[in-house]
There are 2 protein chains.
Amino acid sequence: MHLGMIFKIIGILLSAYSISLLPPLGIAALYGDGAFHSFAATLLLTAAVGGSLWYSLRHEKGDLKIKDGFLIVILFWTVLGMVGAIPFHYAQHVQLSWTDAIFESFSGLTTTGATVISGLDELPHAILWYRQQLQWLGGMGIIVLAVAILPMLGIGGMQLYRAETPGPMKDNKLAPRISETARTLWYIYLLLTLACAVAYKLAGMSWFDAIGHSFSTVAIGGFSTHDASIGHFNSVAVELIAMVFMYLAGINFALHFTAWRTLSPRPYWLDPEFRTYTLLLTSGIVVSTLYLWLTSTYADPLQALRYASFQTISLATTTGFASTDYLSWPAFVPVLLVIMSFIGGSAGSTGGGMKVIRFLLLFRQGLREIVRLLHPNALIPLKLAGRVVPEQVISAVWGFFSLYVFIFAAIGLAIMAFGIDPVTAFSAAAATLNNLGPGLGEVGSNFATMPDPVKWILTFAMLLGRLELFTLLVIFTRAFWRS
Amino acid sequence: MHLGMIFKIIGILLSAYSISLLPPLGIAALYGDGAFHSFAATLLLTAAVGGSLWYSLRHEKGDLKIKDGFLIVILFWTVLGMVGAIPFHYAQHVQLSWTDAIFESFSGLTTTGATVISGLDELPHAILWYRQQLQWLGGMGIIVLAVAILPMLGIGGMQLYRAETPGPMKDNKLAPRISETARTLWYIYLLLTLACAVAYKLAGMSWFDAIGHSFSTVAIGGFSTHDASIGHFNSVAVELIAMVFMYLAGINFALHFTAWRTLSPRPYWLDPEFRTYTLLLTSGIVVSTLYLWLTSTYADPLQALRYASFQTISLATTTGFASTDYLSWPAFVPVLLVIMSFIGGSAGSTGGGMKVIRFLLLFRQGLREIVRLLHPNALIPLKLAGRVVPEQVISAVWGFFSLYVFIFAAIGLAIMAFGIDPVTAFSAAAATLNNLGPGLGEVGSNFATMPDPVKWILTFAMLLGRLELFTLLVIFTRAFWRS
Ligand SMILES: [K+]
Ligand SMILES: [K+]
């Protein structure tokens, strides 16, 4: 373990993070909404701690190993999650308890979008902006994580995506390669955000709402500046824009990059994960629309299509926006959509869940097992886009899936132990583990009524989901700490 | 496909089954309870159809192939399930609809134990006996299936147990090997049943109840002759006997056989599945007892232990007996126990669920994946009882697990589409797929209120669970029907 380097990097991250507090500080000053002091204090604190860590360790040099990579990722999310809670705790008119503040902060950064705050419309503008911005920054973190770090660490079969950087993994090239990949993809992320913000503005939102919602849309975060979420605007145009950008944000950013560079849509269609992702969303929309129409939830099929398609894309990509009170629909549809959030977005997107590629590999592998029953001695390679998938990737995907199911059940049970009903408990587990946001039952739109220990469990679940389980769990093994 | 041989075997099975209708016929005559005619008719019908199939195909000879094996197993369960429904439909004072009769019959034969009948205590004795006997016969079928057929077909990693019969699988030796293995294990099954019946009698049951409950105990079936199930007797002795025999019936029968032959308990302790099974049950009992005591559900810790241990063994082994109204407990405990039923009994037992050995393999494999993250190039073989588990077995187990989870979610959703609430729907899916019996919510003790299409879905789920998914699903593939 190279602790000097690790803390130097944390110092740099904290310093960089402190700069991100300037916009909410400016907004607090502009609106005079009483949140100025808490943001100023947080800025000074993070700049001081981050700066001094960085300065005192500035001469630290050396290679980073795999284990260092795990620690940096975990520290990055937990330290920022903790620090990010400070404004929620101290800001006037907000003053969440530490438990609530940390829940909200982790929910923002992990782009989960579950909230303990109600009365958003009356909140200080600075805090509203800050929440949206937390999600946007979280999204940036996820892109690095998903495109550069997880493939390198080989989490849950994601070594599949190591293909782009040929040759065996060279530990000592960790840092430069990450920053190079990250920079390219962040341009795309920024571009999507800009396009989304302008589109929202043209559809009638204020600039404040347009930018705020563009942040939480491309980050697949789901935070809104209104209690009624996207439903507040009651505008087909706004809903269509949200749907388009949620859909785009749920696609592997490396695909966007290739399409951009080749100025052609072909890379999308050549990608089996993209095709499955699109097929799943389409099927979800068809089923939900038909169900809502046939059960006369909406007499008008076009109304059914409008709300069903928005809610399907929102929940299946794990965004978590609401354009209407979908919890009053027959329970089949919300439950179907929460189950779809387990599949979630594509690998290398800002979406949560288990990722479409893993679902696709499990499905193909399941078919292969059936064929194997009939031809026990046949060797049937599993192919994806014409290339054979290594057995090691397949077994990592199985492992990821089983662990995901076990952890989901364990979290649901742990919540129930505090006297919470099964629908609330298991949907809360899904909503946090999948980084979805809203659940069902008591946590359909707000987590405020959950007991404190449950909020801690859910905060842990958000982090587990975001770090794709293994990244976090690995530090609880003895093998990790053996030198 | 060798259809002649297949139908000849079905003919033999039907003829044998018709003999099993003599005991309920005798009981109907003895009690004059109005069920005589329906049993007599069913006996004549099955004897006539079975006998003529057998007679007309008596000269059929030839080898059976893997595909024939699948078809025989599926036909065996579906034909008997259908025929078994006849008495429920026609018997006086019962007269279930065909849907209900078939549900009850499949529930008996698959040893699920879910019922659509209420007012058991007023039912004709012949019908009560018949229900118990269906479970007992189902248990006999399961033993052949689990110990002889599934390992040979290689379902979900069960080729692991093919080890006892060394050398590659010889298709043409299918029939003799099955009957040999089956006969030995049926002796043990019979012995357990006898011991259980005598013990129940000594504890105060009538002979009728003692034999009836011994049938459904060793079959891990869960049917009772009373609406209040084992709780009817309100006797610690009866509960202890039930616990012991449920526990024994959840152990691999091949282990009982080895222990019997060597007159030593060592084979049990050497078996990793047995140790995990025992550990899981013990942990379940400890957690449930503590929870019921700490939440003051029972003020007396011994009372908590009494009911918690019975309910844990009953649900975790997938028996489904109730010794008290456990659905009025805080929901954490029933949900925990229903989740434990997914693990279920041991392979080669009469228990349902995914089987302890698969859970154990998944767990070990999960640990191996974590170690692999830290040492990407290390080759770490997975061992069980000192022997390396072939990769093909591991991947079959992963495949089984994923498919199980997908099917569980699909069945739960399909039930919800008929307007059933989530707790009822998903617990009904678990109760049938795991061959457990009782669910939660609306199906906590009786399935009568479910709409007919839901009953058909659940009947299919029972069969899917009992045939370990693949055996049934394989015939829905194109590869199966290609010659
Ligand atoms: K989200
Ligand atoms: K059962």
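Because the model is predicted, local features were taken only at pLDDT of at least 70 and side-chain atom pairs only at pLDDT 80 or more, whereas totals for chains, interfaces and linings use all residues. Residues are numbered from 1 along each chain as its sequence is written, chains are lettered from A and ligands numbered from 1 in the order in which they are written, and side-chain values use heavy atoms, without hydrogens and water.

In chain A, the potassium ion (ligand 1) is coordinated at 2.5 to 2.9 Å by the O atoms of A:T111, A:T112, A:I220, A:G221, A:T318, A:T319, A:N435 and A:L436, where donors are N, O and S atoms within 2.8 Å of the metal (3.2 Å for Na, K and Ca), and where sites may look incomplete since water is not among the atoms. The spacing of these donor residues in sequence is T-T-x107-I-G-x96-T-T-x115-N-L. A:T319 lies in the loop between helix 14 (301–316) and helix 15 (332–343) of chain A, and A:N435 in the loop between helix 18 (422–433) and helix 19 (452–466) of chain A, so the pair ties together parts that are 116 residues apart in sequence; helices here are DSSP runs of H or I with at least four residues, numbered from the N terminus. A:T319 is buried, with a relative accessible area of 0%, and A:N435 is also counted as buried, at 1% (buried means under 20% relative accessible area, with a 1.4 Å probe and protein chains only).

In chain B, the potassium ion (ligand 2) is coordinated by the O atoms of residues including B:T112 and B:N435, at 2.5 to 2.9 Å. B:T112 and B:N435 are both buried.

Helix 17 (residues 391–416) of chain B has 26 residues and reaches 38 Å from its first C-alpha to its last, close to the 38 Å expected, which is 1.5 Å times one less than its number of residues. Of these residues, 19 are buried, so helix 17 of chain B is largely enclosed by the rest of the structure.

Between the chains, 45 residues of chain B are in contact with 43 residues of chain A, contact meaning heavy atoms within 4.5 Å.

Technical notes. Helices (H or I, at least four residues) and strands (E, at least two) are DSSP runs, numbered from the N terminus. Buried means under 20% relative accessible area, exposed over 50%, partly exposed in between (1.4 Å probe, protein chains only).
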